[in-house]
Amino acid sequence: MPAPTRRRRPEPPSFRRSQRVPAHGARAVACRHRLLTSLVAIAMALVACNKKPPAPPSAAPADPSASPPALAALAHQLAAARVDAATTCLEKNARDEALALLVSALKAEPAATEAAALIRQLLAESVWNIPVATIRHQVPVEQLAFDPPATLWVSLAEPKPEGFNTTVRWDTEALKMTSVLFPARGAATRSLVVGQRQHALVVQRGSGPDAVTLLCDANTLRPIRALGPLPDDLTPQSAIASSANGLLIAHPEPASASDPQLLWRIRDAATGEVIRSSEPPGGDAVRPLAAHLDSRRLRILHADGSLLDLPVSPVEPACRFPPAVPLALLHAHFSPDGGTVLALSDQGSAHAPERRFYQISSPSENAAPQVEPAAFTNSKNPAALPQWVLSLPWSRQPSVWTGLLRDHGNPDDPPPIHIQGSDLRYCGSPRAPIHSESPIAAVAFGPDLAIIGTGDGGVFVHRFLPLPTAVAIPQAPGPPGPPGPPDPASLGLLADILAGVRFDEATRTCLRLTARHRLNLLEKLPPGLAAGLVPGLDFTATLTALKATVIREAPAAALLPLWDRLARSDPSAKSWPRLLELARALGDTRWHQDLTEAVALHARTAPAAQAVRADDPSPWLAQIRLRETFRTHDDAAILKAIHAVGGKGPAAATALATALGADAPEWLEVCLKSAVDLPPLLRLLGDSRLAWLQHRTADAISLWPEEFPSYAKSRLTEDWDGWEQADFAPCYEAHQQAIKGELATYEVAAAATPAERTALAARLLDPAARGIIGRRRLADRCLQAALALAAFPDHSAVTCQLANRARSLGAQAAPCLRAEALALTRLGDYKSAHPCWVTLLTEHPVATHLSGDYAEAAYTAFENGDPNQALEILTTGVRRFPEDAGFALRAGWIALLTINYQRAYQFLLAGLRIGYPADQRENACLLLTVAAALAGFPEDAATHYQNLLDLAPIWAEAGTIEALEWPEELKTPMLELAR
């Protein structure tokens, strides 16, 4: 059997090598043998290398006895090997290294027409780039977002529990940091989505239940409001949509903490107010994938190809459109105009998923929109992807690149870019690679820019250069023929300038040239060479654009807003030494010197106020002076110091925290009056604490919502700029406990005595109670007390009073009526109680009903001598609460009392199918035994009785049965079984 032949790896169509004629002669053969070992090593290295293929070695030292043909053959072999290496580089999208190797081949053999042809083709097609701006944050980059021409958002986060997380906004033209998002600790930036027209920005820090999603002003980065958590299985870039004018923004959100159903919210981007919300989709809802928002409606695409249109106007109904042909989509992303969708289609377990384009079509104005395959469905060629796809930002966090554009398991659908380590290479595109100084963490794209963010905090703006102009090749006299090869030395200089990569003959490696080195080489390029170096190509426009390039780096002072914001966000001062090290380039600034002095004082066990000069303007040291002033308890000095610290800043925060913990309302009042930009939670705490100290209990309590806000969550959703330098958590916790303690005096204790219950009712019915705890709280507590006291017949009258007051204060009518009915029932006033139960069941929504309402209504009907109505009520209750075993048990008992033995047995069997709780099984077996016997099922009765004995053998004794306070006709079957 013949050995299988090995196929040669296919070469790129535009760079396929021409056929070469092998060298002739014994001397040439000997030269090839001398190169055999080196060439094999080169081939093996090229196969193993993923980043930069090594070049073939330099020619061996010339042998004086060698003939010119032998030297020519050796040069030819060396050039051919480097052309092969260049072809391999092109297969790996490394155009810069390919050009350097081809120039090296031409230098080895100036007459190498194949290398010259490939060089010309490479130079004609390649788009080169040069880094034009650098920003060094020294904190790892996680996300980038860019809005042309010059607005850049950079998310920074340190990968450690106490590491900083923030997002900064840059003007890349001025290289100026314009705003900083308030820092958080120990969280990654999962998503960064900028709305259109730079109105709004959505940033998600962390993931899962601890995630915080903020709607922020895109320019100032001030938070507008906290959004609900974004589902982890949705792509934020695809699910968060903004209108073209930037005034509206939409996002998905779980219905509640206990209900994971997704709702869609349309919000005002400036205020965060909800304009429209969708209804819960139901239990069988299909997973949404992508959303598009315009000024009229929000459109959501689901995994089966169905669409949901949610109009912005609240008076227009939402519409769901099922797919004409069901699809199986895994990921999707809308085009900016909403007419096209790029989606990853599931092809089943036997095939890899495929990227496909779909269009949203509607045959007429009133016809249902449908998702149909687009006319241009070829997404396998990265070069064919539209610009809106190629401009989507890339990051290592979940994004459209996760699953949709990469990592989807289909090698036939290559991503538009490939990032490995510190290299970015374009697939199917004429753009040359981009190399960074450290591993790439995020990339953003502009019309002629690529912006690289790295793991060490660097941001590098690369500008793409224009292509050369194609010109006619002048024909020399004589028969036409191919143009001669360009001068290798001049060509090498041009290649160094354009590609920024040079092949080093000594080390046989490709060296990277800095941007400044490339511009310096440009000055050495002879005039006129750009137009005539490569026949048919004029590089004048390319080199003119390159000559106009100004290489810039953000000065250290441009990063001062970041360092200052990080320092102010750390009240513990533990991070200050590290921040001083990061900002060491600012060592001669007053900011650096002040923080250095503050670090030295914080390092002392007990910083002394004497160590701080009274005229020292440092904001950090003013805190120490202020604390010492408060220790004197000199009211005049303290009030003067509070006025001196200003409206906000570290000293103002220290003054407010100290005043909140003291019992001097005049200190706190002055702090609150002078405070500027006080966060909402701190303003609420300060006003309530001041009212408490001034013995205005009602004002202190009424300011708070029923559920106290979470201090920790508020710190993650509110910008406390200027107030972060003090720890207000102890003050907040102490005041919260004081308020809760006061509110607890208006609640019924589980072990309250009759006298305590009477006293509580009097406290709630006191007209002054409303002014103390507020109307809404008083209504809730009156209702809670009424329901609790309804179980005690001695409190029936006051129960009705409490229920009436709760109703008058705005409590829900159904539970108030239930409390009155329960009180009358426990009192034994069945004649008065029954109409209350009937009213509750007939005049209030079914959603407000409890199963016990039907049981009580049926029992009072029985007591009033209407067994038929009792049975009718029980039947309705069983139908409305089919899974309530406790109600089935009570229904069976009441049916037995009304001598409806057959229905009683049916009710009890229904509860048995549901499953009785352990504490109800004994009673259930007892009633099942009686009901089965009286309904005419003696064998069933014997079985249930045996089950009863297994649970409690005491029921075998007649005395136990005789002790039941039951009608005799219900005890008789049990006595017969016991005998």
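# Briefing: strands, rings and cysteines in a predicted model

Pro 149 sits in the loop between β2 and β3, and a cis peptide bond joins Pro 148 to it, with omega at about 10°. Keep in mind that this is a predicted model. Its mean pLDDT is 88 for the chain, with 90% of the residues at 70 or more.

- Start with β2 (residues 141-147) and β3: the two strands run antiparallel and are joined by six bridges.
- The link between β2 and β3 is a hairpin through three residues.
- Leu 152 in β3 is a handy landmark: Phe 146 stands opposite Leu 152, and Leu 152 stands opposite Trp 170 in β4.
- How many of the residues of strand β3 (residues 151-157) are buried? Seven of the seven are, so the strand is largely enclosed by the rest of the structure.
- Both faces of β3 are covered. One side has Thr 151, Trp 153, Ser 155 and Ala 157, the other has Leu 152, Val 154 and Leu 156, and all are buried.

**Backbone spots to look at**

- Gln 138 has a positive phi, near 70°, though the residue isn't a glycine.
- You'll find Gln 138 in the loop between β1 (129-136) and β2, where Gln 138 is partly exposed at 32% relative accessible area.
- Ile 899 is another residue other than glycine with a positive phi, near 60°.
- Ile 899 belongs to the loop between α30 and α31, and with a relative accessible area of 55% Ile 899 counts as exposed.

**Aromatic pairs**

- The structure has 14 aromatic pairs.
- In one of them, Trp 704 and Phe 708 have ring centres 5.2 Å apart and planes at 35°, so the pair is tilted.
- Trp 704 and Phe 708 are both buried.
- The pair of Tyr 854 and Phe 881 is edge-to-face, at 5.9 Å centre to centre and 65° between the planes.
- What does that pair tie together? Tyr 854 is in helix α28 (residues 851-863) and Phe 881 is in the loop between α29 (867-880) and α30 (885-897), so the pair connects parts 27 residues apart in sequence.
- Tyr 854 is buried at 2% relative accessible area, whereas Phe 881 is partly exposed at 21%.
- There's also one aromatic cluster made up of Trp 704, Phe 708, Tyr 711, Trp 720, Phe 728 and Tyr 732.

**Charges over rings**

- Arg 205 lies over the face of Phe 182, 4.8 Å from the ring centre.
- Arg 757 has its charged end over the ring of Phe 792, 3.7 Å from the centre.

**Cysteines**

- Cys 510 is buried, with 5% relative accessible area.
- Cys 216 is buried as well, at 0% relative accessibility.

**Helix α35**

- In α35 (residues 968-978), the buried residues are Leu 970, Lys 971, Pro 973, Met 974 and Leu 975.
- The cover over the buried residues of α35 includes α30, α31 (901-914), α32 (921-935), α33 (938-951) and α34 (958-962).

- Which element has the lowest confidence, and which the highest? Helix α1 (residues 26-48) is lowest, at a mean of 37, and strand β29 (residues 458-464) is highest, at 98.
- Over residues 1-65, pLDDT stays under 50.
- For that stretch, residues 1-65, the model has 92 contacts beyond four places in sequence.

Note on methods: Residues numbered from 1 in each chain as written. Predicted model: local features only at pLDDT ≥ 70, side-chain atom pairs only at ≥ 80, totals over all residues. Heavy atoms only, no water. Phe/Tyr/Trp six-rings, centres within 6.5 Å; stacked < 30°, edge-to-face > 60°. Buried < 20%, exposed > 50% of the residue type's maximum accessible area, 1.4 Å probe, protein only. Helix = DSSP H or I, 4+ residues; strand = E, 2+ residues; numbered from the N terminus. Lys NZ or Arg CZ within 6 Å of the ring centre and 35° of its normal. pLDDT = per-residue confidence, 0-100. Contact = heavy atoms within 4.5 Å. Pairing = 2+ DSSP bridges.
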